[in-house]
Amino acid sequence: MEKLNSVNNGGLRLPPGFRFFPTDEELVVHFLKRKVQSRPVASPIIAEADVCRSDPWDLPGDPKQERYFYSNMEIKYPNGKRSNRVTTSGYWKATGLDKQIVDSKNKQIVGSKKTLVFYRGKAPNGSKTNWVMHEYKLANPIQGMENWVICRMFLKKNGRKSGENDVRVEEAGPIFYDFLAGIPRTGDLNLEPAASSSGSSGVTNASPMADEGEENSKYMRGN
């Protein structure tokens with residue numbers, strides 16, 4: 001049986017009808033926590049990138065699609081805790097309050113989610129764009145691994161990115177992937193809609209998966 005997914009130049013390669021759609025808890029517990037503990041992850045689906053030193057449209061993957069990255073954040077001041085989020089063309093600015101992420105089993109706080117918006121230009125007079133990033137951190141990271149985060153990056157619907165080659169986000173149907181070619185495409189495969197991210201993990205697909213694929217498919221949602 002072929003593997004469910006892989007990372008190809010920062011983009012996802014998934015079987016037709018599948019997409020990567022993890023919950024906040026899954027990102028923190030099953031991906032970020034394993035990363036900082038140097039434990040194997042079920043599937044190498046999240047690539048590493050210097051997110052806050054690169055403009056969002058220059059990062060690997062399709063800028064029209066939701067992307068996930070591991071990133072080791074750079075601290076702005078030697079004795080401080082603030083991250084340096086200045087890129088070539090602008091900066092990321094936090095908005096709203098951080099959201100606590102709670103383990104659904106033991107009800108303990110396992111991490112937090114910070115929402116940031118990208119501004120083009122120099123602070124504090126930058127121009128707000130439609131680029132949004134969710135930054136996930138562990139509540140109790142291992143010493144020396146405190147700066148590792150997972151970044152979920154996307155363009156707000158009907159928005160345009162700030163860059164020479166602006167891209168409009170189309171209100172298309174679910175994104176499907178050509179597993180062999182690794183080329184995203186849109187369309188209707190007459191599959192059931194994906195389950196809500198607030199629900200339990202699982203795979204919904206028109207074809208049954210073999211038991212050996214259960215671990216790899218845990219974080220996929222079928223369309």
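This is a predicted model: local features need pLDDT of at least 70, side-chain atom pairs count only at pLDDT 80 or more; totals for chains, interfaces and linings use all residues.
Two strands count as paired here if DSSP finds at least two bridges between them.

Strand β7, residues 109-120, is antiparallel to β8, residues 127-138, and nine bridges link the two. Gly 111 faces Leu 138 of β8, while Ser 112 has Lys 137 as its bridge partner in β8. Six residues lie between the strands of this β7 and β8 hairpin, and Gly 121 there adopts a positive phi near 110°.

Zooming out, these strands belong to an open sheet of six, laid out in the order β4-β5-β9-β8-β7-β6, with mixed pairing. The edges are taken by β4 (47-48) and β6 (90-102); each has a single partner strand, so one side of each goes without a neighbour in the sheet. As for the side chains, those of a regular strand alternate between the two faces of the sheet.

Helix α1, residues 24-36, lies across β4, β5 (67-72), β6, β7, β8 and β9 (148-155). Relative to β8, helix α1 runs at about 65°.

Conventions:
Residues are numbered from 1 along each chain as its sequence is written. Side-chain values use heavy atoms; hydrogens and water are left out. Helices (H or I, at least four residues) and strands (E, at least two) are DSSP runs, numbered from the N terminus. Contact means heavy atoms within 4.5 Å. Axes are lines fitted to C-alpha atoms, for helices over the stretch in contact, and angles run from 0 to 180 degrees between N-to-C directions.
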